[in-house]
Amino acid sequence: MDAQGYKWVRWRVWLCRIVALLSFGFLLIVFRWFPRLALLARCCPCPLALADFVLIRDTFGQQHMVEVLTEEMEEGSLELLGDSEENGEWRDTVQLYKEKKTLLRYYLFEGLRYIWLDTRSSFCRVSVLNDDWTGKDLHGFKKGLSQSEQIVRKQVYGPNLIDVPVKSYYTLLTEEQSTTLHSMARLVTKVTVLRSSGVQENVSSEELVPGDCICLPKDGLLLPCDAALLIGECLVNEGMLTGESVPVLKTPLPASDRRYISEAERKHALFCGTQVIRAKGGGPTGAGGVAIVTGTGFYTAKGSLVSSILYPQPTNFRFYQDATKFLITLGILALFGTIYSLVVFSWFDMNWIEMVIRALDLVTIVVPPALPAAITTGTIYAQHRLKKHGIFCISPPRINISGKVSLFCFDKTGTLTEEGLDVWGVMEGGPAGFTEVVSDPRLLSPGSLLSGLACCHTVTLLQGQPVGDPLEMKMVNSTGWSLQEPGEDGGVLDAEFGGHRVLAVMRPPAMPLPFHETPASEPVAIVQRFPFCSALQRMSVVTVACGGCSVVAFMKGSPEMVASLCRQDTVPPQFSSKLHSFSSEGLRVLALAYKPMDKCANLSTIERGEVEQDMFFLGLLMMKNLVKPESSKVIKMLKTAMLRTVMVTGDNILTAVNVAKSCGMVRSDEVVMFVEATAHTTQATATLRFYMEDGEGSVVTTRDVYQGDFGYHLAISGTSFAVVCDHFPEHLSKVLMRATVFARMAPDQKTRLVKELQKLNYRVGMCGDGANDCGALRAADVGVSLSEAEASIASPFTSKTENISCVPLLIREGRCSLVTSFSLFRYMALYSIIQFTSVLLLYTMGTNLADMQFLFIDLILVTQLAIVMGRGGPSKELSPRRPPANLLTLPVLGSLFIHICMVILGQLAALFLTVSQDWYSPLNSTVFGAANLPNMENTAVFSLSGFQYIFVAVVVTKGYPHKNPLYRNVIFLCLLLILFAAMTYLALYPGSLFIKVLQLYDILDFNFKMLIVAVAALNFLICFVVEMLIDVGILNCLRWLCPRRSTKKQYKRLHSLLCHPHAPSWPPLNQTLYASVHTATVTVR
């Protein structure tokens, strides 16, 4: 983001005020349209340190003008914020009026506060002042801030508010969720804050600043800020942010030297807008927990999401771009019409004020102000229909974009497959190998594996009922062990387990199974938890036996990760083959490990890295994850509609491939090739390899692929994907074109994948459960979160349906909305041309439409038709052909040109027929406009144009294949019949009342009236037939006049290249490619 400073120039300001006054405010309108012009006219460039205004160019190339605000700081206040080096970041000593003052200079942009830092000579986000805080720094705030420190910090950081600006009436009419967002964003509550004096104060959440120490009540609260949990444990519902309905357990942040980043420390971070359900273990404060404020206002997780809604990334959508270009064209047409009308007015000796007013009328006729509202009606109807089906939208423009989606990514667990997994079996492993599979963990002999299954989790109790991750719930339930948590008398449990602070106790069944020869297991207390992290792919706990006689750590996670952290002599030799076998069957496989710990160690402050190393391998847990019955149907529907489907999951690659085959992403006659890439190291360069195995594990040769009649899909892991992105850019686009399965993908890798696909000009959709997919859901053109929460803002769309059946419905509604927007845009454009033609013809004759005629056309005819035209719902089937999004194409422009010609010819015919009648009497040439009403010319043109407004609505309304036929839109059809009958009545039998109100001329020749109706009918017939011919491609014969241009979409060009019969064979099977130019073939397994 670039910023340039400007300061006021007094004489320029006064000159602009004078010009604005002389131009009756027109200059102010121009300045409103072009803010940069306003800035250049009144200001001159200057250093940022002296700027009154800042011109900002954002990352999307858009320019914004913001005012620099100043606030005087109290003398000596900055010393309260730290040492002298830190003060340098805060202090700005600018010479003003020959006095040295300590000023805080800042500006607000998109809700964020940017302050001037003299040491950096730039405006920086105020959050940079606490960006480098470490775990130790945060623990240093546990005593609380003093009152004076809080006041200074509030002056610098601003109030803790997420203020959504009040929108205009038009915006409120077109965006129903605006008020919802306003009420959801603004959160003010009472919070207990600990001061450095030891006093606890009950303050408004608006007063909170980074560094404040807040006490969390035991019964929870709705968090008004971002914070880091330092003492105690919290059960938090993060559904509003992530869409995940399962409560998440938060644990204390270690006092490490590592920089605190909330996204990397999610298991210790509390986010604004989330609901703390329960807090416990707050220590001597008597609270449920203690946390340090790390972010306020828009510098919170909720604030950034609200900001992304208020200030979204510009939608690079061709329809909106072309609509702007078309409006500019209409504006140029209005300019020519204005010039022509001024020439006509000069014939009638009109005064110049009336000439200007009449001429400017044409501008509002040609560029109708109601056009933006009209083309959004289809989107509004689609939004309401989606809401009825449980799909909620917070970004209505995305509905149209969903109609152009060409690729859809799906998460696996909870999206394509069932959320709940069933335990399929466990297998103990060690240096000697694996034992037989045990189908029920309760049949295991008491020992480390059974204890690990019972203890290695973050399940907690809420009102006596266990809550937590569904997978962990199934694992714990399968052991038969019960969970106990310390209550008010927590000291009793602590004493039972050697005086350690107990978080939870797992107790074995009271009655051991009769066939167990060994004694029953003993209760185990969990004293430290390191929650699961997607990036680390593991979690661990530290447990203590009764009396504190032994301390054991358990770890659970992806088999590959767990095995890499175990002593290699404890990993069974058959580890890889067993993992391959189970994963190929579609099973979810987890590995467990353990390690005895030193009883004398301080377990409450032990580091995660110290625990998760040199572990002893325990065994494997296999869970069956069934594909949802709707998944296969939806995938088949999407593939029939020529929409590409991709799986993006954090699970094992073989499990993902099995699910892809089960749900139909990979057909039975297609093969899967695996992409394996190794990262660059100091000893070796990065490598890339493509290989393919059949069910027997034997190698399928290159000739089988390229000479066979079957297709192929690529499967790649997250690690390999990152290597290909960084070291093999020449292969990346081809891998993206052919890859269907992306496995072991971390959240940031999912986001990167979406962005890389967008670089190939795909319109990317993403469907996930909202837990680890937030980044990808927001990065995608169309993100759909499967969540029970209506207000989830993890993505533009949230579906309460727990399967992917919402995806084709959303695409159908998007296509219907896009087609409707096209129809409405064309209708409003033709309406402008019809009225423009009528006015120009009547201006030429020395008259005009009457005011009531304008009102009748705009309110009775056009507005009602435009409102109900978009009510037609989507078709039941998804067509293989996507609707166009480009207005500036031959069919659209050709259609508009022909219809415009027919409109002009129709009105000219009505006018010439009128003046050729024997009973015609010319107008009085000495007067102009309303003084000549009523007259024959006006009545004839008004009657014919009235029919044109009606039949053009029929002509431009599209149905098959993306929208229901016109006759299914009953209200629109009835309105057409009513308006046609009303217009026929006005043309043939106008009563005295309507003749008087509409200022019509009472033409007595009935045959002439019938002739006008006949001309209108012929006009309609020609336009209707022409539109049908254009729909079937009659204008394609004109394409030979210009050379055929290749497609601009990269993925289409790549597809043609890969499918070309003379193209080099790709991928190069059974070869190892190096990051350098050199490529070598090696022996394959």
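Which residues does Ser875 touch, not counting residues up to four places away in sequence? Ser875 touches Arg812, Pro961, His962, Lys963 and Asn964, where contact means heavy atoms within 4.5 Å.

**Before selecting anything**

This is a predicted model, in which local features need pLDDT of at least 70, side-chain atom pairs count only at pLDDT 80 or more, and totals for chains, interfaces and linings use all residues. Residues are numbered from 1 along each chain as its sequence is written, and side-chain values use heavy atoms, with hydrogens and water left out.

Display the whole chain. The chain contains 36 helices and 42 strands; helices (H or I, at least four residues) and strands (E, at least two) are DSSP runs, numbered from the N terminus. Of the 1085 residues in the chain, 54% are buried. Buried means under 20% relative accessible area, exposed over 50%, and partly exposed in between (1.4 Å probe, protein chains only). Among contacts in the chain with a separation of 6 or more, 73% are between residues 24 or more positions apart.

**Stop 1**

Select residues 2-8, which form β1. Strand β1 pairs with β3 (residues 53-57) in the antiparallel sense over 5 bridges; two strands pair if DSSP finds at least two bridges between them. Here Gly5 stands opposite Val54 in β3. Strand β1 also pairs with β2 (residues 43-46), again in the antiparallel sense, over 4 bridges. The bridge partner of Lys7 in β2 is Cys44.

**Stop 2: Lys142**

Select Lys142, in the loop between α5 (135-139) and α6 (147-157). Lys142 is partly exposed, with a relative accessible area of 32%. Apart from neighbours within four places in sequence, Lys142 is in contact with Leu194, Cys213, Leu230, Ile231 and Ile292.

**Stop 3: a sheet of 4 strands**

Next, show the open sheet whose 4 strands run in the order β13-β18-β15-β16, with antiparallel pairing. Strands β13 (221-222) and β16 (248-250) stand at the edges, each with a single partner strand, so one side of each is left without a neighbour in the sheet. Within the sheet, β15 (residues 233-237) and β18 (residues 275-280) pair over 5 bridges. Cys234 has Ala279 in β18 as its bridge partner.

**Stop 4: a sheet of 9 strands**

Move to the open antiparallel sheet of 9 strands, ordered β23-β22-β32-β31-β30-β29-β28-β27-β26. Its edge strands, β23 (433-434) and β26 (482-484), each pair on one side only. Strand β22 (residues 422-430) pairs with β32 (residues 616-624) in the antiparallel sense over 6 bridges. To find one of these positions, select Val423, whose bridge partner in β32 is Met623.

**Stop 5: helix α17**

Select residues 470-479, helix α17. Because 8 of its 10 residues are buried, α17 is largely enclosed by the rest of the structure. The buried residues are Pro470, Leu471, Glu472, Met473, Met475, Val476, Ser478 and Thr479. At the start of α17, a side-chain oxygen of Asp469 reaches to within 2.9 Å of the backbone nitrogen of Leu471. After α17 comes Gly480, with a positive phi near 80°.

**Stop 6: back to Ser875**

Ser875 is in the loop between α30 (851-869) and α31 (890-915). Is Ser875 buried or exposed? At 12% relative accessibility, Ser875 counts as buried. The side chain of Ser875 reaches the backbone oxygen of Pro961 at 2.8 Å.

**Stop 7: helices α31 and α35**

Select α31 together with α35 (residues 1006-1031), whose axes come within 10 Å and cross at roughly 170°. Axes are lines fitted to C-alpha atoms, for helices over the stretch in contact, and angles run from 0 to 180 degrees between N-to-C directions. The two helices are therefore roughly antiparallel to each other, a description used for angles over 145 degrees. Residues making the contact include Ile898, Met902 and Leu913 of α31 and Phe1008, Ile1012 and Val1026 of α35.

**Stop 8: Asn932**

Finish at Asn932, in the loop between α31 and α32 (936-956). Asn932 counts as buried, at 7% relative accessibility. A polar atom of the Asn932 side chain lies 3.0 Å from the backbone oxygen of Gly846. Leaving aside neighbours within four places in sequence, Asn932 is in contact with Gly846, Thr847, Leu923, Asn924 and Val927.

Technical notes. A polar contact is a pair of N or O atoms within 3.5 Å; within protein, one must be able to donate a hydrogen and the other to accept it, and residues adjacent in sequence count only if both atoms are side-chain atoms. Angles under 35 degrees count as roughly parallel, over 145 as roughly antiparallel, 65 to 115 as roughly perpendicular and the rest as oblique.
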